[in-house]
Each structure stands twice: as structure tokens, then as C-alpha cells.
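Hi everyone, thanks for making time.

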Amino acid sequence: MTTAEQQDRAGPARAPRTPFELNHRLGFAARSRAPHLGSVDNEAIVDATSAAAAGGHGPDPADTAAELGAAAETTQERARLEFPDTRPVSWAAFGALVPVLAGSAGSGASCVAAAITDALQADQRCALLVDADDPARSGLACASSQEGPWLRPVNEHVSVRYSWRDDALLARLETQLPTITPGMVPIPPDWLPDPAPDPLHTTVVDLGHGGWRAAATPIYGAGGWLRRGLPSQRPILVVRATRPSLRQAEQLLARLEPWVQRGVATPIYQLVVNGARKWPAGVAGAAGPRVAALIDEALFVPHERSWEIAGVTDDPSPDRAVDALRPLLASWGLVTSPRRR
């Protein structure tokens, strides 16, 4: 029975007269089929369905909210069974695991993730590039020349589609629902194809613009890729060489810090500054204490006009960007040292 039908049985429902009433009704509808729905998912569902309600066309927004809530509940039920936060995580099946977070909006985390993947495959390494962002907001939407034919259904609402980015495997979310909430993102094991590549040397995970939400919920959703485990991940935080970007990155690290202190999440391993060769005067000194601890070892990726205009496309990443990242990957033993090439 739909939410609208339930309301009909209860009698004629008065149309919401204020945004508060509308949001309350949509939140109630989302929780009607999701008793364990978290506040982050509830907020995302209300945001998406209230925008649809403003148009006044299409399906009943309350029904859509209920369907989104059910999708999040289904994914979370699987997470509680297969990926509980009470059990140590083994990342061995993914090879070396490199989650990439955006420290601020527009920092270019997707570009850096694609460039890392291209550097790996240029060195004949088998790489899996995971796009854990909402498809509607993804920076990797054009990372392959065409959508691949391989589809792994996770549940009735969400699937993972596999495509090729040259020789690297690209995994992206696919859904008919109007949005992907954090709780609807599949658990990490569900991103591996069946059978998985053997050997799989490295998995690069683009958390994209969802870095802020991932830092708030590192026990599920896209944040699950930050769960502490063995072998340990190497999370990368991507920023711009600007004061606003560093301020936003400081807030993200502050949000993640309690999880790190509790031993639940892995701390940021590397700061990458996208679009610059060095710090402009007066920028690095404005960093907060958490970002400042990463500044001395920061890696700079030079400005690339093609990224500014088109973002990530199916073309190979610019050589200058790949070359800038190669020494870091070599120091981690993921590619051959540039001096030996």
C-alpha cells in the first residue's frame, strides 16, 4: 500500500501549508518503511522529494520518500549483516586501497582519482576505479567512452555497472530513483565484480563531493571505505590552494577526527593540492591545525585547463598531472619509480 493510499484510508489529508509541514510529512513517509533510517539519510530524502513537490507534477512526493527510505533500509540491513562495525575489516581483496576525498567543493577529487588510476594502468597495474558518489553529482560520469554491459544488482533499487577506462575497470552506481542517499551506497564488498580481477593491484575510490557526508558517517555508505582495517588504506584529501578550500578541509577533518580517535576510521594519509605548483603567499599560514599537520608533505598537481573546462572525460588524464602523482605512488610501491622508467 502506498503512502497516499494509507492517507486516503485515514481520511482526506490537508495539504501542507508551510515548508515545515511538508518536510515533516515527507520525513514521516520516509521513516514509515525504514525504522532504522538515520538523520543524514532522512535529510537527503526530504531535500530531494521536497524539491519535486514544488513542481507539482509526477508521482506523489510522499510515495517517493517512502520508496527512498525503503531502499536505504534494505542497504543498511545488508550492511548490518555483512559489514558490521563490530568486526575488523579486511581490505585484502581490493589490493592497495586509496580513498580520495574532496576537502572542498570543486577541489578536483574526481580528476585526481582518475589521474591516479591512469598512472597505475600505464605501469601495467590492474586497477579498479570506484565512483561512490550519487550518479547525478558524479565527477566521473564521462570517465569511460561508453557504459559497459556488466551489471551487478545490489538490491531491487541499486546496481553497480562496470565499464572500461582504457584498461582500468570503472564501477559506478545505477538507479532509477531520483537520488542516492548515503545509506543507499552499497557496502565495499558489493563493488567487486564476480569474479574479481586476479590479481587486483589497486582500488581507487572517488568519494567525490560526498567527502563531507563520508566524514560524518564512516561506518556506512561511502564513508565505509574509510573504516579502519588491514591492510591499511591510504586516504587522500584533495584541496585547492586557497584559504576557503583549506577552511572547508579543516572542518572535514574535524568531523572525521572523533571516528579516528575511536579507532573506527583511518586518518588522512596524504594532502594533494590540485591546480597549483606551490602555495600562494598567505595561504598555507591560514591553515587550521589539522590541515597544517599535513602541509609539509603536501603534493602539488599543476593547473590543467582541460580539467577546468571539461572535467574528467574518457581521454587519458593530462601527462603533467599523472607525472606529478607518480612519485607519490612510487613511494607507496604501487608503480615503478620514475627514475627507473
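**A walk through the model**

Let's start inside, with a strand pair: S2 and strand S9, residues 236-240, run parallel and are joined by three bridges. Within that pair, valine 100 sits opposite isoleucine 236 in S9. And before I go on, please keep in mind that this is a predicted model.

S4, residues 150-153, and S5, residues 158-165, run antiparallel, with four bridges joining them. The two form a hairpin, and four residues lie between them. If you want a landmark, tryptophan 150 stands opposite tyrosine 162 in S5.

On to the helices. Helix H5 covers residues 109-122, which is 14 residues, and it reaches 20 Å from its first C-alpha to its last. That's close to the 20 Å expected at 1.5 Å a residue. H5 is mostly covered, with 13 of its 14 residues buried. After H5 comes glutamine 124, and its phi is positive, near 65°.

Another helix, H3, spans residues 39-55 and contains threonine 49. Is threonine 49 buried or exposed? Buried, because its relative accessible area is 2%, and the cut-off for buried is under 20%. Its side chain reaches the backbone oxygen of isoleucine 45 at 2.7 Å. Those two are four places apart, and here's the general point: an α-helix has 3.6 residues a turn, so residues three or four places apart point the same way. Leaving out residues up to four places away in sequence, threonine 49 touches Leu26, Pro61, Thr64, Ala65 and Leu68.

Next, cysteines. Cysteine 126, at 25%, counts as partly exposed.

One more residue: proline 302. You'll find it in the loop between strand S11, 299-301, and helix H9, 305-310. Setting aside neighbours within four places in sequence, it is in contact with Gly275, Ala276, Arg277, Arg320 and Ala324. For a sense of scale, proline 302 and asparagine 23 are 44 Å apart, C-alpha to C-alpha, and 279 residues apart in sequence.

Finally, let's zoom out. The protein chain has ten helices and eleven strands. Its radius of gyration is 21 Å, close to the 20 Å the globule rule gives for 341 residues, so the chain is as compact as a globular protein of that length. The C-alpha atoms fill a box of roughly 75 × 50 × 40 Å along the principal axes. Buried residues make up 54% of the 341. And among contacts with a separation of 6 or more, 73% come from residues 24 or more positions apart.

How values were computed
Residues are numbered from 1 along each chain as its sequence is written. This is a predicted model: local features need pLDDT of at least 70, side-chain atom pairs count only at pLDDT 80 or more; totals for chains, interfaces and linings use all residues. Side-chain values use heavy atoms; hydrogens and water are left out. Two strands pair if DSSP finds at least two bridges between them. Contact means heavy atoms within 4.5 Å. Buried means under 20% relative accessible area, exposed over 50%, partly exposed in between (1.4 Å probe, protein chains only). The expected span of a helix is 1.5 Å times one less than its number of residues. A polar contact is a pair of N or O atoms within 3.5 Å; within protein, one must be able to donate a hydrogen and the other to accept it, and residues adjacent in sequence count only if both atoms are side-chain atoms. The radius of gyration is taken over C-alpha atoms; the globule rule is 2.2 Å times the number of residues to the power 0.38.
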